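Keep the viewer open while you read.

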Amino acid sequence: MKKYIFPTITIVCLLTGLFIGNALSTRANAQQFYWRSNRTVTASKVDELLNYMRASYVDEIDVDSITEEVMRNIVETLDPHSSYIPKEDLELVNSELESSFSGIGVQFTIIQDTINIVQVISGGPSAGVGILAGDKIITVDDSLFTGKSINNEKVMHTLRGEKGTNVKIGVRRAGSNELLEFTITRGDIPVHSVSAQFMATPTIGHIIVNKFGETTYQEFIAALANLKAQGATSYILDFRQNGGGLMDQTIRMANEFLSAGDMIVYAEGRSYPRYEAKANGIGRFRNVPIVVLIDDFSASASEIFAGAMQDNDRATIIGRRSFGKGLVQQQMPLSDGSALRLTVARYYTPSGRCIQKPYTLGDKDAYAEELLSRFEHGEFYNADSITFADTTKYYTKNGKVVHGGGGIMPDIFIGTDTTNYTPYYNQVVNHAYTYQFAYNYTDRHRKELSRYTTWQELEKELNKRNWLPEFVSFCEEKGVEPNKAEIKKSEQLIRRIVNAYIVRNILDDEGFYPLYERDDQISRKAIEVLSGK
């Protein structure tokens with residue numbers, strides 16, 4: 001049973017990102033829709049109740065706070081993807097899908113209650129004043145900013161802010177005992193949707209898309225063109241762990257691969273007239289071989305793309321069954337600066353299937369736990385364990401049977417490989433000791449490791465170094481007892497993940513992904529399919 005620990009923790013961590021990153025399927029005409037749908041609304045009993053409380057309640061109360069709670073409670077009675085966004089959270093939530101945000105330009109991680117800077121964005125505000133990877137943020141605006149109360153949300157709220165405003169930070173730097181202080185003027189920081197693009201083989205390009213934001217189509221086309229210039233004649237399009245985003249972006253991307261008149265997606269709802277998106281036939285990659293990778297956390301816009309390719313028999317879909325989100329949200333502004341993301345329609349793949357998995361109104365906990373139930377039922381490992389709520393048979397353009405009511409089933413299922421998982425491996429990964437050790441190792445050897453400019457060179461250097469005993473000692477200090485047999489069995493997995501993290505710390509994601517994906521079963525299968533093996 002212990003082999004299940006690591007995937008279970010992964011599910012819990014990623015679900016949070018899924019509900020945030022997947023909340024906004026389309027923002028087109030949202031404000032117009034809002035006003036059109038509210039023209040005849042009059043004061044409700046809720047308004048009357050709050051007004052009576054404000055005017056006549058025996059004690060003075062915070063009606064605004066009560067109103068916020070009421071708003072949340074009302075929306076909680078709806079489907080799992082409708083959400084209320086308070087004013088103070090709206091900018092941060094919207095920035096998930098925007099092309100940029102205003103901040104200081106660093107990537108960070110929190111280790112032992114302290115903010116550790118992993119990367120400094122080239123050309124950004126922090127780089128301009130001399131902040132370095134490895135610096136630890138101790139103070140912000142002369143106040144201590146460490147401790148158990150520090151979390152990702154608090155850090156982002158504090159370091160982000162209006163463009164042109166200043167923030168003062170104090171950092172500890174390796175080799176220096178003094179607190180170094182920097183005043184940073186916040187600026188625009190680009191948000192990238194394409195995590196990486198690289199040549200998997202001399203003729204196969206691999207593109208990893210992490211979400212569908214405002215610039216995803218532009219980034220995607222640029223990645224295709226760049227890899228083509230390097231010799232790519234076919235592509236792996238990787239949407240694993242991509243929770244979705246803007247519908248128009250995935251439609252434009254799918255259009256690049258389909259023939260004129262091919263249906264991409266259609267959507268309709270009670271007050272949402274049927275909308276159809278079809279290919280216009282001018283896509284530049286209509287005849288290029290492609291494979292699409294999906295997994296349990298591929299949702300919404302990712303599923304639209306995969307469904308369009310599958311139903312039109314345009315690509316081979318490889319991986320595991322996708323999440324199963326077939327609902328469309330529109331964002332509607334509220335008068336106080338907050339917003340409502342309301343489900344207004346369902347979308348359907350070209351064959352007519354809705355891939356939305358079942359849900360009960362008002363029961364978001366059960367909806368989130370459904371993915372964990374899939375895991376416990378063995379669906380991450382065995383395709384025969386998978387069932388669909390919709391028993392109707394749908395047919396692709398060439399007559400292949402596909403299913404709705406619970407995500408996209410890949411054409412080639414590749415289960416999670418736990419062959420070399422051991423309790424020791426599960427423990428060091430679940431507690432992020434692989435990540436922490438890689439960060440500490442990078443920090444201690446940053447100067448010599450920074451000489452290498454390619455992941456191949458850096459990996460070669462790391463393989464010469466026998467850092468495994470250091471890692472085992474590091475984990476033992478954290479309370480993980482060494483087990484020689486288990487360490488030996490999982491050694492290659494440990495080396496792969498730690499090496500990849502170290503490479504990321506030096507060369508960012510463009511170095512991390514080629515190394516991390518090289519031994520991945522799903523990626524290897526994609527290469528086989530595109531190579532005709």
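## Surface and overall shape

This is a predicted model. The protein exposes about 24900 Å², and carbon and sulfur atoms supply 49% of that area. Of its 533 residues, 51% count as buried. Along the principal axes, the C-alpha trace spans about 70 × 70 × 45 Å. The radius of gyration is 25 Å, which agrees with the value near 24 Å that a compact globule of 533 residues would have.

As for secondary structure, there are 18 helices and 21 strands. Take the contacts between residues at least 6 apart in sequence: 71% of them join residues at least 24 apart.

In soluble globular proteins, nonpolar side chains tend to be buried together. Here the largest nonpolar core has 46 residues. The residues with the most contacts inside that core are Ile207, Tyr235, Leu237, Phe257, Val292, Phe305 and Met309. Pick isoleucine 207 and skip its neighbours within four places in sequence: among its contacts are Val194, Ala196, Phe220, Leu224, Tyr235 and Leu237. Asp238 is on that contact list too. A second, separate core has 37 residues, including Tyr424, Val429, Ile497 and Phe512.

Phe212, Phe220, Tyr235, Phe239, Phe257, Phe285 and Phe305 are linked into a cluster by ring pairs. Tyr235, Phe257 and Phe305 from that cluster are also on the list of residues with the most contacts inside the largest core.

## Helix 9 under cover

How many of the nine residues of helix 9 are buried? Seven are, so to speak leaving helix 9 (residues 247-255) mostly covered. The buried ones are Met247, Gln249, Thr250, Ile251, Met253, Ala254 and Asn255.

The cover comes from several elements. Among them are strand 11 (204-209), helix 8 (216-229) and helix 10 (301-311). Strand 13 (263-269), strand 14 (272-278) and strand 17 (327-333) are also included.

## Aromatic pairs and charges over rings

A search of the whole structure finds 22 aromatic pairs. Tyrosine 421 and tyrosine 425 make a tilted one, at 5.1 Å centre to centre with 40° between the planes. Both tyrosine 421 and tyrosine 425 are buried. For tryptophan 467 and phenylalanine 471, the ring centres are 6.4 Å apart and the planes sit at 75°, so this pair is edge-to-face. Tryptophan 467 is buried, with a relative accessible area of 0%, and phenylalanine 471 also counts as buried at 0%.

Which charged end sits over the ring of tryptophan 467? That of arginine 495, 5.4 Å from the ring centre. Arginine 495 is found in helix 16 (residues 484-507) and is buried, because its relative accessible area of 17% is under the 20% cut-off. Leaving out residues up to four places away in sequence, arginine 495 touches Arg465, Asn466, Trp467 and Leu468. Another charge over a ring is that of arginine 320, which lies over the face of phenylalanine 380 at 5.5 Å from the ring centre.

## Positive phi angles and a buried glycine

Two loop residues are worth a click. Glutamine 241 has a positive phi of about 60° although it is not a glycine. Glutamine 241 lies in the loop between strand 12 (234-238) and helix 9, and counts as partly exposed at 46% relative accessibility. Alanine 432, not a glycine either, has a positive phi of about 65°. Alanine 432 lies in the loop between helix 12 (423-430) and helix 13 (433-449) and is partly exposed, at 30% relative accessibility.

Is glycine 187 buried or exposed? At 11% relative accessibility, glycine 187 counts as buried. Glycine 187 is found in strand 9 (residues 187-190). Not counting residues up to four places away in sequence, glycine 187 touches Phe101, Ser102, Gly103, Pro125 and Lys163. To get a sense of scale, jump from glycine 187 to tyrosine 433: 246 residues apart along the chain, their C-alpha atoms are separated by 33 Å.

Terms used: Residues are numbered from 1 along each chain as its sequence is written. This is a predicted model: local features need pLDDT of at least 70, side-chain atom pairs count only at pLDDT 80 or more; totals for chains, interfaces and linings use all residues. Side-chain values use heavy atoms; hydrogens and water are left out. Rings of Phe, Tyr and Trp (its six-membered ring) pair if their centres lie within 6.5 Å; planes under 30 degrees apart count as stacked, over 60 as edge-to-face and the rest as tilted. Buried means under 20% relative accessible area, exposed over 50%, partly exposed in between (1.4 Å probe, protein chains only). A charge sits over a ring if NZ of Lys or CZ of Arg is within 6 Å of the ring centre and within 35 degrees of the ring normal. Helices (H or I, at least four residues) and strands (E, at least two) are DSSP runs, numbered from the N terminus. Contact means heavy atoms within 4.5 Å. The radius of gyration is taken over C-alpha atoms; the globule rule is 2.2 Å times the number of residues to the power 0.38. Accessible areas come from the Shrake-Rupley method with a 1.4 Å probe; for residues, only the protein chains shown count as cover. A nonpolar core is a set of buried Ala, Val, Leu, Ile, Met, Phe, Trp, Tyr and Cys residues joined through side-chain atoms within 4.5 Å.
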